[in-house]
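Thank you all for coming; I would like to walk through one model this morning, taking the strands, then the cores, then a few side-chain pairs. Please have the structure open as I speak.

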Amino acid sequence: ADGTTDRGLRPRPVIWHPDGTIEEIPLVPLDPPLDMGFAEGINDRGTIVGWDMSSVQGDGRQAPWMRTADGVKTNLNDLIDPSSGWDIRVPLDINEREQIVGIGILTVDGVTYEGRAFLLDPVSPPVDPERIGTLLDLTAGGRGQAMSLTARLTEASSGTGVPGKTISFYSDGELLGTRETDATGAALVEVPPRHRGANRAYEAVFGGDAAYEPAAGTARGT
């Protein structure tokens, strides 16, 4: 959305909330300050990626960022190995695994290559001893007009079903939808016709939360 600055109207990254309110995402603080920015992608966890920049001609300063659901905004270049040769410029999207894709600059053996695609994989945080381990079992059932995927989320230690958790279902990497687990820890999604087939690879993903660790399960089409 456009916002008023000392240099006139400039694009600013914002979030449209379900209740209709609009929240501006503050620009990455640099000196001198940047004056425009763009939000490019958001996942089901509420993690957003984008980039801020200076509109001053010839300035060339950019700040690629990731903003978590708790409002913490971090420069992506501060999260990667400085010896990698990468200068992240424009993050374009983020998935449920928190993987980020976009465009950057790569320097190898003193040679700089501009406009290179990158994939950032998150480094798994240390296991929280207070969180409960989980298992996610996925089965594909039915044929023809009645094919469905059923996922069951359980506690790893006891096998007890975990209710009220959001499961994301995928077909060959494409999101089919999300469902909430029932009292037994089960969630079911119908498979659309174009995603049915014996060679299809299906996946269910639980992203984890403050109480439970993440889990994923896979199945093949029948």
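This is a predicted model: local features need pLDDT of at least 70, side-chain atom pairs count only at pLDDT 80 or more; totals for chains, interfaces and linings use all residues.

**Strands, cores and ring pairs**

Let me begin with β7 and strand β8 (residues 73–75), which run antiparallel and are joined by 3 bridges. Residues are numbered from 1 along each chain as its sequence is written, and side-chain values use heavy atoms, with hydrogens and water left out.

On terms, strands are DSSP runs of E of at least two residues, numbered from the N terminus, and two strands pair if DSSP finds at least two bridges between them. Within the β7 and β8 pairing, R67 stands opposite K73, and the two strands form a hairpin with 5 residues between them, where G71 in the turn has a positive phi of about 90°. The charged end of K73 also sits over the ring of W65, 4.1 Å from its centre, the rule being that NZ of Lys or CZ of Arg is within 6 Å of the ring centre and within 35 degrees of the ring normal.

Strand β7 also pairs with strand β6 (residues 48–53), in the antiparallel sense and over 6 bridges, with M53 opposite Q62. How enclosed is strand β7 by the rest of the structure? Strand β7 (residues 62–67) is largely enclosed, because 5 of its 6 residues are buried, where buried means under 20% relative accessible area, exposed over 50%, and partly exposed in between, with a 1.4 Å probe and protein chains only.

Turning to the cores, a nonpolar core is a set of buried Ala, Val, Leu, Ile, Met, Phe, Trp, Tyr and Cys residues joined through side-chain atoms within 4.5 Å. The largest has 20 residues, of which L136, L138, L149, I167 and F169 touch the most other members. The elements giving two or more residues to this core are β12 (134–141), β13 (148–155), β14 (166–171), β16 (186–190), β17 (201–206) and β18 (215–220). There is also a second, separate core of 9 residues, which includes V49, M66, I80 and I88.

Some of those strands return in an open sheet of 4 strands, in the order β15-β14-β17-β18 and with antiparallel pairing. Its edge strands are β15 (174–180) and β18, each of which pairs on one side only. Within this sheet, β14 and β17 are joined by 4 bridges, and S168 has V205 in β17 as its bridge partner.

Which rings form an edge-to-face pair? W86 and F118 do, at 6.2 Å centre to centre and with 70° between the planes; rings of Phe, Tyr and Trp (its six-membered ring) pair if their centres lie within 6.5 Å, with planes under 30 degrees apart counted as stacked, over 60 as edge-to-face and the rest as tilted. Because W86 lies in strand β9 (residues 86–94) and F118 in strand β11 (residues 111–120), the pair ties together parts that are 32 residues apart in sequence. W86 is partly exposed, with a relative accessible area of 27%, whereas F118 counts as buried at 5%.

Finally, I105 is placed in strand β10 (residues 100–108) and counts as buried at 19% relative accessibility.
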